[in-house]
Amino acid sequence: FKRLFQAPSCTSLAADPAHTQELIDTVPKLRRELVWKAPASGAAAAARLTTVLVSAVRALHQPPEPTSEATNARAGLVARFRERIETHLRMGLSIAQYAKALSVTPDRLRAACLEVTGKPPARVLEDRLLLEAKRNLTYTNMTVAETAYYLGFSDPAYFSRFFSKHAGESPASFRKRMAK
């Protein structure tokens with residue numbers, strides 16, 4: 001596992017669909033073990049985490065796909081975009097503001113995101129916001145309104161619509177389901 005933690009890296013799981021499916025199956029089970037109070041849930045969570053780490057190590061050992069210099073530049077741009085999202089997530093910045101901060105046009109950022117992630121930059125940002133919303137609703141005692149304000153939404157009703165649209169259920173329903 002040492003190589004996994006030496007430096008940040010990104011790898012594709014597309015080369016091995018079996019590993020991808022294993023992660024898809026394991027991550028929800030890991031989440032469930034982390035919130036359960038059942039006997040041996042700690043041991044079960046450790047085992048599931050080990051499975052995730054083994055999949056990550058194996059994915060890192062896949063032979064790299066040849067990439068062009070332009071592809072590497074776009075991947076670097078997307079990595080910088082994701083870093084900006086992490087540091088400015090709660091500020092409610094627009095894609096144009098992110099592009100300006102990265103010294104690129106919104107069109108260039110869009111092209112890079114589509115090539116690297118298969119998603120436009122707005123969806124990359126929305127996915128990160130949704131993940132943070134889910135974390136707050138699952139692991140904190142913040143109300144839905146407090147979560148909305150914490151994430152930079154000026155209107156809790158808009159946050160609820162955003163969450164419902166992207167998660168397929170209301171924030172309150174999600175919280176109730178996660179509490180089970």
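**Close-up views of the predicted model**

**View 1. The side chains of glutamate 132 and arginine 135 meet in a salt bridge, with 3.6 Å from N to O.** A salt bridge is a side-chain nitrogen of Lys or Arg within 4 Å of a carboxyl oxygen of Asp or Glu; by this rule, the count comes to 7 salt bridges. The model is predicted, so local features need pLDDT of at least 70 and side-chain atom pairs count only at pLDDT 80 or more, while totals for chains, interfaces and linings use all residues. Residues are numbered from 1 along each chain as its sequence is written, and side-chain values use heavy atoms, with hydrogens and water left out. Glutamate 132 and arginine 135 are 3 residues apart in helix H7, about one helical turn. Helices (H or I, at least four residues) and strands (E, at least two) are DSSP runs, numbered from the N terminus. Arginine 135 is partly exposed, at 41% relative accessible area, whereas glutamate 132 is buried, at 15%. Here buried means under 20% relative accessible area, exposed over 50%, and partly exposed in between (1.4 Å probe, protein chains only).

**View 2. Glutamate 132 also forms a salt bridge with arginine 128.** The closest N and O atoms of this pair are 2.9 Å apart. Both residues lie in helix H7, 4 residues apart, again about one turn of the helix. Arginine 128 is buried, with a relative accessibility of 15%. A network of salt bridges links Glu86, Arg128, Glu132 and Arg135.

**View 3. Glutamate 169 and arginine 177 form a salt bridge.** The closest N and O atoms are 2.5 Å apart. Glutamate 169 is buried, at 18% relative accessible area, while arginine 177 is partly exposed, at 40%.

**View 4. The largest nonpolar core holds 27 residues, among which Phe81, Ile85, Leu109, Phe153, Phe159 and Phe163 touch the most other members.** Two or more residues come from each of helix H4 (69-88), helix H5 (95-101), helix H6 (106-117), helix H7 (121-139), helix H9 (156-167) and helix H10 (171-179). H7 gives the most, with 6 residues. Such a core is a set of buried Ala, Val, Leu, Ile, Met, Phe, Trp, Tyr and Cys residues joined through side-chain atoms within 4.5 Å. Not counting residues up to four places away in sequence, phenylalanine 81 touches Ile95, Tyr98, Leu102, Leu109, Cys113, Pro121 and Val124; contact means heavy atoms within 4.5 Å.

**View 5. Helices H7 and H9 pack at an angle of about 105°, with their axes 10 Å apart.** The two helices are therefore roughly perpendicular to each other. Axes are lines fitted to C-alpha atoms, for helices over the stretch in contact, and angles run from 0 to 180 degrees between N-to-C directions; under 35 degrees counts as roughly parallel, over 145 as roughly antiparallel, 65 to 115 as roughly perpendicular and the rest as oblique. From H7, Arg123, Glu126, Leu129, Leu130, Ala133, Lys134 and Leu137 meet Phe159, Phe162, Phe163, His166 and Ala167 of H9. By class, this contact has 8 nonpolar, 1 polar and 3 charged residues (Ala, Val, Leu, Ile, Met, Phe, Trp, Tyr, Cys and Pro count as nonpolar, Asp, Glu, Lys and Arg as charged, and the others, Gly among them, as polar).

**View 6. Valine 116 lies in helix H6.** Valine 116 is partly exposed, at 37% relative accessibility. Not counting residues up to four places away in sequence, valine 116 touches Arg74, Ala75 and Val78. The C-alpha atoms of valine 116 and arginine 74 are separated by 7.2 Å, although the two residues are 42 apart along the chain.
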